[in-house]
Amino acid sequence: MMTKEKRQILIFLFFAAAVLTTPFFLKGSYFLNVFVFIGINTMLAVALNLLLGYAGQISLGHAAFFGLGAYCSGILTTQFSIDPWLAMMLAGFCAMGLAFVIGFPILKLKGHYLAMATLGFGIILYIIFNETVGWTGGPSGLSGIPNLHIGSIHFDNDWNTYYLIWIFTLGVMLLSINLSQSRIGRALRAIHDSEVAARVMGVNARLLKVQIFTVSALLSAVAGSLYAHTMTFISPVAFGFNFSVELVTMVIIGGLGSIYGSFLGAAILTMLPELLRVFQDFDIVIYGLMLILITMYLPGGLISGLETVARMVMSRIRGKQIDA
Amino acid sequence: MLRLNGITKQFGGLTALEDVSISVAQGSITGIIGPNGAGKTTLFNIVSGLYTQTSGQVYLGETNISLFAPEKLAGLGLVRTFQNVELFGQMTVLENAMVGLHTRSHSGIFSCAFKLPGQIREEKTIMEKALKWLDFTGLADCADLTACNLPFGKGRLLEISRALAVEPRIILMDEPAAGLNSRETVELASLIRRIKELGITVLLVEHDMELVMDICESIIVLNLGKKLAYGTPREIQENPAVISAYLGEG
C-alpha cells in the first residue's frame, strides 16, 4: 500500500503530464485557446476555493481582484512602459494590500452579511474600472497591452501561451495543495467546522481568515495579469458580478475544498458556454439547474462523485483479482 | 495556578455570576458543581476567553488573563472542552488532534505552500505527537476516521486528546461525562487521573456526583451565580447549605 503522500505526488505528476501533453492531441488553435481559459479559470477557482472551500468564507466579489490584477498590469505597461513581469508583481502586491486592508473589517462578518459586503466590494471596483476612463479606457476597454516575454521568447502564439498559462496554473495548484495539507490548511478547515473550537485550540481565526483572503487575492490578481498580457485587450465586462458568481459556481460544482475539483469546475464552466451556444441566453438557466442538482445530490461536488466511481471500479477490480 | 478574583457577569438585567472568587491549586483535580443555571458554563466561558466578565480578574499563574482572547490562552497553556462536543467534523480524527498542536508549531503560509524543509520536519513532529495523544486516550485505531462519524463517547475522548495536544498546563472540561454510559464514565475517571499524573491541572464542571466525588480533590459549589461552598468531597457532602441547595429547603 502506498502512503498517502506518495499517492498525492503521483496524482499531481500524472495530472501535470496530462496537461502538458494535451496540446499535442488538440487540433487547431480554437481548442488551445479554450484550454488557456480553462487554465486561467482554474487558477481563479483554486484561489477562491482556499477561501470558500477551506476557510468557509464566501466572496461574491472575487472577479474584482482578477480585474484589479488585469488593470494594474494593463495600465502599468501601456501608460508607464513598465516591464510586464514587474507589472505582474506590482499587480499582485496591489491586490494583496487592498485585500489586507479591507479584509479586517469585511471578514468580521459572517454568512449573508459577508456575501453582501464582498458583493459590494466587487461592484465598487467594477464601477471604478468603468468610470476612470483616463486610466482604464472605461467601457470601451484598454488595448495594446504587451505580451510577456523571457529573453527573445515572446508569449504571443497559441502554443507558448498555453505552456505559460499552464505552468502558472500547475504552480498555483501545487502550492495550494501543499498549503491545504499543512498546519495552515488544517487550521482553515478547523475554522470552517467550528470557529469557537479552532480559537480555543489557539488558531487566530480573525488573522488567518484575513491572511488567506490576501493570498487568494494575490493569486487572483496574478491570474488577472496573465489574462491581460495574453489577451492584450481588457474591458470591464469580464470582471463584473456575473463572473464572480461564475467563479463561486465553479468551486461548488467542482467540489468545495478540493483543488482538482476546482480544475474540474473551471473546465466544465469554461467549455459549457461553447457547448450551450444553441440555448443562447438560456445557458444561465442551465448553470442554475446544475448548481441546484449538485448541491442537492452531490454536496461534495463532481470530484467527490468521480472519487466514488473510481473507488467502486477499484474495488471491483480487486475483487476480481481475489476471485481469480 | 488559576485564580478568579471577584468575577461578576451580567447579561442585561440578569446576573449570571456574582462576585465569584476561586483558586485552583496547581496539579489538582477540582470540580465545579451546582444545580442547573448556577453559572458553571458561564464561568468556563469567561475563563476561556469566550465571554468578557462585567467585573473581576482572572489570573493564570502570575499573568492577568482577564481580557485575553481564547487563541492567546491556548499558547499560555489553558485549554477547554465543550459540553456539546465541538469537533472539526469534516476532518479526520488524526487531523483534529493535529490542530491541537497549532500553537506548538510555527510554519507560516509561505513555508507551508513551498514545503520548505523546516515545515516538512515540523509536520512530521506534529503527526507523531498527535498520534501519541490519540494513543494516550485510546483512539489510535480510529485515526483515519472522519470525526463526525465517531460515536458520541469517542467524540468526547477526541476532544480531550485534541486539548491535550495543546500541551496545556490546565485543562477545563465542561461536563465530560454527559452522555456517557457507566463503563465509559469509569474509563473517563481513569483518563482524568492519568492526565493529572502528567502534571496537568484539571478543572471540571460535572453533574455526575459519583464521578466528581470519586476523582476531585476539592469541589466548588455554585448556586444562583454565587459561590456556595468550597472544600473536599467529604466536606461538601456534609455541608448543610449544599444539601439544601440541591434538595430544596425545608
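**Figure 1. The contact between chain A and chain B.** In this predicted model, 23 residues of chain A are in contact with 32 residues of chain B, two residues being in contact if their C-beta atoms, placed from the backbone, lie within 7 Å. On the side of chain A that touches chain B, at least two residues each are supplied by α7 (158-180), α8 (183-193), α9 (195-200) and α10 (205-231) of chain A, where helices (H or I, at least four residues) and strands (E, at least two) are DSSP runs, numbered from the N terminus. The most is given by α8(A), with seven residues. By residue class, this side of chain A divides into twelve nonpolar, six polar and five charged residues; Ala, Val, Leu, Ile, Met, Phe, Trp, Tyr, Cys and Pro count as nonpolar, Asp, Glu, Lys and Arg as charged, and the others, Gly among them, as polar. Residues are numbered from 1 along each chain as its sequence is written, while chains are lettered from A and ligands numbered from 1 in the order in which they are written. Because the model is predicted, local features need pLDDT of at least 70 and side-chain atom pairs count only at pLDDT 80 or more, whereas totals for chains, interfaces and linings use all residues.

**Figure 2. Helix α4 of chain A and its packing.** Helix α4 (residues 84-106) of chain A has 23 residues and reaches 31 Å from its first C-alpha to its last, close to the 33 Å expected at 1.5 Å a residue, the expected span being 1.5 Å times one less than the number of residues. Among the buried residues of α4(A) are P84(A), M88(A), C94(A), M96(A) and I106(A); a residue is buried if 20 or more other C-beta atoms lie within 10 Å of its own, exposed if 12 or fewer, and partly exposed in between. The buried residues of α4(A) pack against α3 (62-80), α5 (111-131) and α10 of chain A.

**Figure 3. The four-stranded sheet of chain B.** Four strands form an open, antiparallel sheet in the order β2-β1-β4-β5 (chain B), with two strands taken to pair if DSSP finds at least two bridges between them. At the edges stand β2 (14-24) and β5 (63-64) of chain B, each of which pairs on one side only. Strand β1 (residues 2-11) of chain B and β2(B) pair in the antiparallel sense over seven bridges, and the bridge partner of L4(B) in β2(B) is I22(B). Helix α1 (residues 40-47) of chain B packs on this sheet, touching β1, β2 and β4 (55-60) of chain B, and its direction makes about 65° with that of β2(B); axes are lines fitted to C-alpha atoms, for helices over the stretch in contact, and angles run from 0 to 180 degrees between N-to-C directions.

Figure 4. Strand β3 (residues 29-33) of chain B runs parallel to β9 (residues 218-223) of chain B, joined by four bridges, and in β9(B) I220(B) stands opposite I32(B), while V221(B) stands opposite I33(B).

**Figure 5. The β9-β10 hairpin of chain B.** Five bridges join β9(B) to strand β10 (residues 226-231) of chain B in the antiparallel sense, and the bridge partner of N223(B) in β10(B) is K226(B). The two strands form a hairpin with two residues between them, and L224(B) in the turn has a positive phi of about 50°.

**Figure 6. Two further residues of chain B with positive phi.** D19(B), which is not a glycine, has a positive phi of about 50°; D19(B) has its place in strand β2 of chain B and is partly exposed, with 14 other C-beta atoms within 10 Å. K115(B), also a residue other than glycine, has a positive phi near 45°. K115(B) is found in the loop between α4 (109-113) and α5 (117-137) of chain B and is partly exposed, with 18 other C-beta atoms within 10 Å.
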